[in-house]
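Good morning, and thank you for joining this group meeting. Please turn to the sequence and the structure as they come up.

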Amino acid sequence: MLFVFYVTSSKTIISDLLEAKRRRKAFIFISWRLCHFLRLLLFSFSVVEDDEDEFPTTTKTDGEYNHNNNGSKEKLFSPASPKGMNGIDFKGEAITFKATTAGILSTLSHCIELMVKREDSWQKRLDKELEKRRRVEDAYKCAVHELKKKSHYGGPDYEEGPNSLINEDEFFDAVEAELDRQDKIEEQCHSEKVRISRPSSVTPGDVYSTIGTHRFTNKVEEWVQNHMTYSLQDVGGDANWQLVIEEGEMKVYRREVEENGIVLDPLKATHSVKGVTGHEVCHYFWDTDVRMDWETTIENFNVVETLSDNAIIVYQTHKRVWPSSQRDVLYLSAIRKIIATNENDPDTWLVCNFSVDHKDASPTNRCVRAKINVAMICQTLVSPPEGDKEISRDNILCKITYVANVNPGGWAPASVLRAVAKREYPKFLKRFTSYVQEKTAGKSILF
């Protein structure tokens, strides 16, 4: 672009020089004609003066004659005529000079007019080139800026950390943009493919009622009792819980807690879903065979160890949301059925996930190990149908209580973590419950 500009400028300068040369020649010609005319005029005056000097200063009478030897006489002087007077045409020279001058002036006027038009044309072209150059320079600056940013993509200082090169607002914008991009990809994948019906074995409810025997048995029972005691408590009037989302039957509460600068906000959501049972909701939440059908944040996972029919240890890595670091989780997942002590109360189905350690899945430098304590607690309410009709899905309602205590590890701005949790948890709950309704539609009810 600079080369084009310089070439254009050079052409303009050369053209101006040529025009200046033509004009200079015209003026030189006019000056020459004027000098020539003046020189002729001066010459004519000098001739007249010379002729006057050649005349005698004293006049003699007509009787003054020279006498010859033969007795004849001659006049002393003969009539003199000016020299060269007939060789100069003043009138012709003046007419020629006038005509030449008028022609040159007319030509110069026409040339000036053409030059003005061409100057306007060149000025417009120059303005266009300058505008193109400005746009190219802006694009170049943006490209350099992006290149400088990309040069730090692999560096730890530009990613998650207290010394990150980007501020909190830029961190939030980057995370939100990445989440939006992943959502679009998931929507496209969901619209382009039909969900494949995967065989999922359902274990009888009596098996889920047993505690089981393995090395984590006591830990599982402890967390189950804690959730049954505290997680089902109503938080509507508790000042420590803040209602952050309310969409129809779904309400999401949060309690702000930080430890050493890390956000540990406990989260609790309540929801009511028609047409499904607590057993069905907890089954699809626990069963790893259908995990990837509804979970969109997981990159990959595997079952590290099967402890019993209702307890497994799972390792999973989550998709990275730049500029935050990638997270992985190692947790024990247990599904339980809690028989109600009062016949008027419904039974409770529960899936409890909490972090554990395992020798086959030690932390690595590639991911930040997060710690979780999550519970999906469901109770089924049945509205008796009229008459002797069988219970249909129109007569059942599942009350869901979802609690999550997550320590994300690493370092990220508190505002970013809270904003992401506020956005992602309600979206997950709606997506998952819709999936369960879709999978159970037209099937026999699993109480």
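First, the basis of the description. This is a predicted model, in which local features need pLDDT of at least 70 and side-chain atom pairs count only at pLDDT 80 or more, while totals for chains, interfaces and linings use all residues. Residues are numbered from 1 along each chain as its sequence is written, and side-chain values use heavy atoms, with hydrogens and water left out.

Let me begin with the chain as a whole. The protein chain contains eight helices and 14 strands; these are DSSP runs numbered from the N terminus, helices being H or I of at least four residues and strands E of at least two. Of its 447 residues, 35% count as buried. Here buried means under 20% relative accessible area, exposed means over 50%, and partly exposed lies in between, with a 1.4 Å probe and protein chains only. The chain exposes about 28000 Å², of which carbon and sulfur atoms supply 54%; accessible areas come from the Shrake-Rupley method with a 1.4 Å probe, and for residues only the protein chains shown count as cover. Among contacts between residues at least 6 apart in sequence, 67% join residues at least 24 apart, a contact being heavy atoms within 4.5 Å.

I turn now to the strands. Two strands pair if DSSP finds at least two bridges between them. Strand 3, residues 242-247, pairs with strand 4 in the antiparallel sense over five bridges, and Ile245 has Val252 in strand 4 as its bridge partner. These two strands form a hairpin with two residues between them, and Gly248 in the turn has a positive phi of about 65 degrees. Strand 4, residues 250-254, is in turn joined by four bridges to strand 7, residues 267-274, and the two run antiparallel.

What does Tyr402 contact, apart from its neighbours within four places in sequence? The list is Leu267, Lys268, Ala269, Phe285, Val374, Ala375, Met376, Tyr425, Phe428 and Leu429. Tyr402 is also among the residues with the most contacts inside the largest nonpolar core, together with Val281, Phe285, Met376, Phe428 and Phe432; this core has 36 residues. A nonpolar core is a set of buried Ala, Val, Leu, Ile, Met, Phe, Trp, Tyr and Cys residues joined through side-chain atoms within 4.5 Å. A second, separate core of 20 residues includes Val220, Val224, Leu350 and Val356. In soluble globular proteins, nonpolar side chains tend to be buried together.

Helix 6, residues 278-286, is mostly covered, with nine of its nine residues buried. Thr440 lies in helix 8 and is buried at a relative accessible area of 3%. Leaving aside neighbours within four places in sequence, Thr440 is in contact with Gly275, Val276, Glu280, Tyr284 and Arg393.

The structure holds 20 salt bridges, each a side-chain nitrogen of Lys or Arg within 4 Å of a carboxyl oxygen of Asp or Glu. Glu424, buried at 17% relative accessibility, forms one with Arg423 at 3.1 Å, N to O. Arg423 itself is partly exposed at 24%. Glu424 forms another with Lys427, the closest N and O atoms being 3.1 Å apart. Both of these residues lie in helix 8, residues 414-440, three residues apart, about one turn of the helix. Elsewhere, salt bridges that share partners join Glu131, Arg134, Arg135 and Asp138 into one network. Glu246 and Lys251 also meet in a salt bridge, at 4.0 Å, N to O, and Lys251 is partly exposed at 30%.

Finally, the surface. Val382, Ile391 and Phe447 make a nonpolar patch of about 260 Å². Patches are made of residues with over 30% relative accessible area and no salt bridge, like charges being joined within 9 Å and nonpolar side chains (Val, Leu, Ile, Met, Phe, Trp, Tyr) within 5 Å. Val382 is found in strand 13, residues 371-382, and counts as partly exposed at 38% relative accessibility.
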